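Please take a moment to look over the sequence and the model together, and keep both at hand while reading the paragraphs below.

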Amino acid sequence: MPTESGRPSAPPAPSLDSVTTIRADGSKVVLHPADVAGRFARWRRVVGWALIAVFACLPWIRAGGFPAVFLDLATRRFHLFGSTLAAQDLWLLFFLISGFGFSLYVVTALFGRIWCGWACPQTVFLELVYRRIERWIDGDAVARRRLESAPWTASKVGRRALKHAGFAAVSLLIPHLFLAYFVSLSGLWSMMRASPAGHWGAFAFVAASAAVLYFNFAWFREQLCIVLCPYGRLQSVLIDDQSLVIGYDSVRGEPRARRHRAGDAAAPRAGDCIDCHRCVAVCPTGIDIRQGLQIECIACAACVDACDEVMDRVRKPRGLVRYDSLSGLAGRPTRWLRPRTAVYALLLAIGAVVAAAAFSTVRPATAGVTRMVGAAYFYDAATVRNQFFLRLVNKLDKPQRLEVALRGGTPGAALTGFGAPVEIAPMGEEVRPLVVAVPRAGYAGPFRFTVVVRDAGRTFELRRDAEFLGPDPDLLREEAADAGARR
Amino acid sequence: MSEQPPRPEQGPEDALRPHTFDGIGEYDKRLPNWWLWTLYLTIAFAFVYWFYYFTTRVGPDDQTRITREISRIETAKLASIGSLTDEALWKMSRNTAFVEAGRATFNANCVTCHLASLRGKDENPGAVGASLIGTKWIYGGKPVEIVGTVTKGTPRGMPPWGPVLGTRRITEVVAYVLSYHEPGEPVEIVASAVAGMK
């Protein structure tokens, strides 16, 4: 079905009843948002390029002998800004994820979908990279729309090929950089020069990611935000009347009138909106912000810049479309402090404190004590003994000497096999048998003890509790008495 | 200025679905074509998958794949153990590289019970393990038998080292122990390596 205007390339008029970018026949509309300049556009460009710079530079920056962020899945060592975590520290991920969750709650309750418009990789890469390539090659919105409905001439084919080559190049670059976070730049470089057969997994990951990114940024675009993104849906239920959103001041703007000028006697009762449709023309999701807060709005502030520019030109105050709460747009004050924000902030604070405490327990080595398979205990004429494996993991990239000692337990309980410190290679892992023996005469039943692991410099100490198991001491005495009687 | 003249908002030309929740109704809109295509593709994939794995059984089922993988591992294991003969182990025990590798493994693991001198209870009655020096053996003194003892463990408390060390390191450590012995020396099987102890 053609659009109402009869021009196949023009989007349908935005309405609250349907998604602008999906036509009634189910086909997708290609949006051509107009250029926009202004303070928010400028600041979003600064923030966006700063984020891209962080993403692109982190693998190159080194800290503590490793890239600043190096999630080495192959050896299960996770290097973060100079400190190293092992697979055993994976439980800390809980705090990272819940921290993201609580931060999302607080930020959304206060500032609405600020993430979507300013920091989401979808928005940042789309607006600052892919749409810029499109703008350089295809021209402004009018030219792009004209080109879309133009016949397939050699010039159009050439432009399209050039544009999609650019899209493909960026789509390949992004997953390569992303992979560097997991295999380091040198690992990436050696993989790139080797045949894919040597690293099928990584090759398939990059190829599939590049294909998905290309599809997303070349064609899918705003559909991701509108239909796929669970984060956008979640935010919709976290926003209330006091959250910061981008809205149209209908009290000031209505009734809208075209060609309205300040002091125009012909329209004394007209509102400030001159119905120029600039806010619709610049919208990257194809909505009309004047119809109110909508699920498609990613709060990118393009319409704010567009309207401010028009208001300047017609000499009206800026802010007809602005960042404000729904309450503020209705002329009431915005309450920043309310139960919702207080509870979310409290949860975030508690989470941050617990996370800080958890991270402070991370040591440069880990130790684990597990009982050997087989019988739980052994005894002979002299001793009762338990056998364990002690697993020591060195998380540093230099060798460590670890001292192992026993603490607590029945008097006389002793550890064998750890006279000298255990030397562990850089990033290495050692499994040693750990035998705890108690003189039979001093044995008085099962007890708990602690295995203490210290580095040679005594800068940290790891403690692992374990249980010493054994027979009923009375039975042991009876058996000894029987043996004595028989002799 | 604007390319589009202002138009009246679309009326609700689409039928309303019969349900409402909290007063919110839903139009019966057509789904996006891209969305429908992903649905059709998943349905097609389900049929291909079903046909491949369950109807024609061209693709192996999980049981077959596990059995195949286990038998591959078993074959590899047998191949490495099959080549282990008494003669081969004696030969290894005269090879410095093997013996040195075995010494490292021994000193990291076996010393706990058998002591660095390998003499165990002979040196110190409080030690856990039996002596590995001399001609008295509890669980068999032929090289292949020693490999079996180390791999499977003993009822008196030596754990099965097979899963911990693996075939190669066990072979090396046995070569290290054999370096304290001579081929052809007598083997005496005793109940306990220490005289007078049960």
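The following paragraphs go through a hairpin and a sheet in chain A, and then turn to chain B. The model is a predicted one, which should be kept in mind throughout.

Strands of a sheet are held to one another through hydrogen bonds of the backbone, and the pairing may be parallel or antiparallel. Strand E4 of chain A, covering residues 77–80, pairs with strand E5 of chain A, covering residues 83–86, in the antiparallel sense, and four bridges link them. Within this pair, His79(A) lies opposite Thr84(A) of E5(A). Two residues stand between the strands of this hairpin, where Phe81(A) adopts a positive phi near 50°.

Further along chain A, four strands make up an open sheet whose order is E13-E11-E15-E16, with antiparallel pairing. At its edges are strand E13 (422–424) and strand E16 (461–468) of chain A, each of which pairs on one side only. On average, and with direction ignored, neighbouring strands of this sheet are turned by 30° against each other. Strand E15 of chain A, residues 447–455, is joined to E16(A) by eight bridges in the antiparallel sense, and here Val453(A) has Leu462(A) in E16(A) as its bridge partner.

Chain B contains seven helices and two strands, which follow one another along the sequence in the pattern α-α-α-α-α-β-α-α-β. This chain has 198 residues, of which 30% count as buried, and its accessible surface is about 12800 Å², with 62% of that belonging to carbon and sulfur atoms. Among the contacts in chain B between residues at least 6 apart in sequence, 53% connect residues at least 24 apart.

Methods
Residues are numbered from 1 along each chain as its sequence is written. Chains are lettered from A and ligands numbered from 1 in the order in which they are written. This is a predicted model: local features need pLDDT of at least 70, side-chain atom pairs count only at pLDDT 80 or more; totals for chains, interfaces and linings use all residues. Side-chain values use heavy atoms; hydrogens and water are left out. Two strands pair if DSSP finds at least two bridges between them. Axes are lines fitted to C-alpha atoms, for helices over the stretch in contact, and angles run from 0 to 180 degrees between N-to-C directions. Buried means under 20% relative accessible area, exposed over 50%, partly exposed in between (1.4 Å probe, protein chains only). Contact means heavy atoms within 4.5 Å. Accessible areas come from the Shrake-Rupley method with a 1.4 Å probe; for residues, only the protein chains shown count as cover.
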